[in-house]
Amino acid sequence: MELALGVLGEAIGRQSLAASRTAGERMVVLLGRTWVVQADVYSPACSPSTEISTAALPYPAGGRLLEIGSGCGITAVHGLLHGLAAAVAVDVSPAAVANTRLNAEVHGVAERLTVVCGSVFEPLDADDRFDVVFWNAPFIEVADDHVHDGVLSTSYFDPGLRGMRAFVSGVRSRLTSGGRAFLGLDDIGGRAALCDVAAEHGWRLRVAACETAPRRAVLAGMAVETDVDHLLLELVVDDSAAGLVEPRSGGWDERPACSVDRR
Ligand SMILES: C[S@@+](CC[C@H](N)C(=O)[O-])C[C@H]1O[C@@H](n2cnc3c(N)ncnc32)[C@H](O)[C@@H]1O
């Protein structure tokens with residue numbers, strides 16, 4: 001079952017990547033606003049995950065957000081329009097960095113958003129701390145020696161979960177006292193590996209929001225449909241918190257009902 005999900009996840013990722021490649025620049029309406037999505041940048045229309053996470057994240061009034069992997073910039077910009085004082089957006093893709101800057105200008109928050117190119121926490125100053133840290137992560141685990149075929153591939157595939165490991169291992173030192181860390185992802189295999197990485201670094205994963213939607217892929221010439229959970233997970237130290245994600249063998253399907261306000 002784990003293997004089948006992994007294979008299916010890779011097929012879904014390959015097909016989403018191929019569709020995004022041919023899409024070119026387009027406008028996407030999400031959360032009541034229009035966003036420019038440029039060529040070679042992850043499209044928030046290819047999965048509900050951007051919308052679910054962006055709607056459910058906390059944006060403390062006067063606080064600071066760090067968004068890793070900002071793509072076209074929707075979450076950071078939305079947060080700045082909903083209470084945050086400032087935000088930093090990091091993306092490994094120069095195309096995403098330019099696109100985040102563009103949407104920040106379009107929505108009038110450019111002077112409060114710093115956008116930098118680099119991997120996970122690498123571009124930050126050593127003492128930079130945030131009230132909320134978030135990554136809608138490229139959650140499809142592929143072999144460690146997988147070679148990305150173009151920069152857009154980094155939106156979908158994380159070879160050996162290297163990006164995820166860097167996030168989970170480094171996020172604690174990026175939080176203010178009382179700061180909160182979140183991951184957004186589509187659960188199409190690899191959840192047990194994520195739980196293991198989180199546990200290695202003293203985190204448990206709490207389901208902050210979840211919506212399930214059917215997803216189709218072509219696998220070995222056959223159309224396959226499966227239900228995919230689109231999740232916002234909070235990294236929590238206290239393992240008495242409700243709604244913890246457990247490995248599939250231990251209460252995998254139990255989660256709290258979540259409602260997401262998409263205004
Ligand atoms: C699933 S997309 C999400 C984009 C955007 N946040 C959204 O929700 O629409 C993942 C993003 O992470 C970026 N990314 C991948 N690996 C990264 C890394 N090691 N460091 C920073 N960004 C990375 C990709 O370029 C991509 O923009």
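**Figure 1. Strand β4 is largely enclosed by the rest of the structure, because five of its six residues are buried.** The model shown here, and in every panel below, is predicted. On the burial count used, a residue is buried if 20 or more other C-beta atoms lie within 10 Å of its own. Strand β3 (residues 64-68) pairs with β4 in the parallel sense. Five bridges join β3 and β4. Leu-66 stands opposite Val-88 of β4. Helix α4 (residues 94-106) lies across β4 and β5. Against β5, helix α4 runs at about 170°.

**Figure 2. Seven strands build an open sheet with mixed pairing.** The strand order is β5-β4-β3-β6-β9-β11-β10. Which strands stand at the edges? They are β5 (113-117) and β10 (204-219). Each has a single partner strand, so one side of each is left without a neighbour in the sheet. Neighbouring strands of the sheet are turned against each other by 15° on average, direction ignored.

**Figure 3. Strands β6 and β9 pair in the parallel sense.** β6 covers residues 130-136, and β9 covers residues 175-187. Six bridges link the two strands.

**Figure 4. The ligand is surrounded by 21 residues.** The closest are Thr-50, Gly-69, Gly-71, Val-92 and Asn-136. Two elements give two or more residues to this shell: helix α3 (74-80) and strand β4 (86-91). What is the make-up of the shell by class? Around the ligand there are nine nonpolar residues, 11 polar residues and one charged residue.

**Figure 5. Helices α5 and α6 pack at an angle of about 30°.** Two packed helices are described by the angle between their axes and the distance between the axes. Here the axes are 9 Å apart. Helix α5 spans residues 162-170, and helix α6 spans residues 191-200. The crossing of α5 past α6 is right-handed. From α5, the contact takes in Met-164, Arg-165 and Val-168. From α6, Leu-194, Val-197 and Ala-198 meet them. By class, this contact has five nonpolar residues, one charged residue and no polar ones.

Definitions and conventions. Residues are numbered from 1 along each chain as its sequence is written. This is a predicted model: local features need pLDDT of at least 70, side-chain atom pairs count only at pLDDT 80 or more; totals for chains, interfaces and linings use all residues. A residue is near a molecule or strand if its C-beta atom, placed from the backbone, lies within 6 Å of it. Helices (H or I, at least four residues) and strands (E, at least two) are DSSP runs, numbered from the N terminus. Ala, Val, Leu, Ile, Met, Phe, Trp, Tyr, Cys and Pro count as nonpolar, Asp, Glu, Lys and Arg as charged, and the others, Gly among them, as polar. Axes are lines fitted to C-alpha atoms, for helices over the stretch in contact, and angles run from 0 to 180 degrees between N-to-C directions. A crossing is left-handed if the near helix is turned anticlockwise from the far one by less than a right angle, and right-handed if clockwise. Two residues are in contact if their C-beta atoms, placed from the backbone, lie within 7 Å. Two strands pair if DSSP finds at least two bridges between them. A residue is buried if 20 or more other C-beta atoms lie within 10 Å of its own, exposed if 12 or fewer, and partly exposed in between; C-beta atoms are placed from the backbone.
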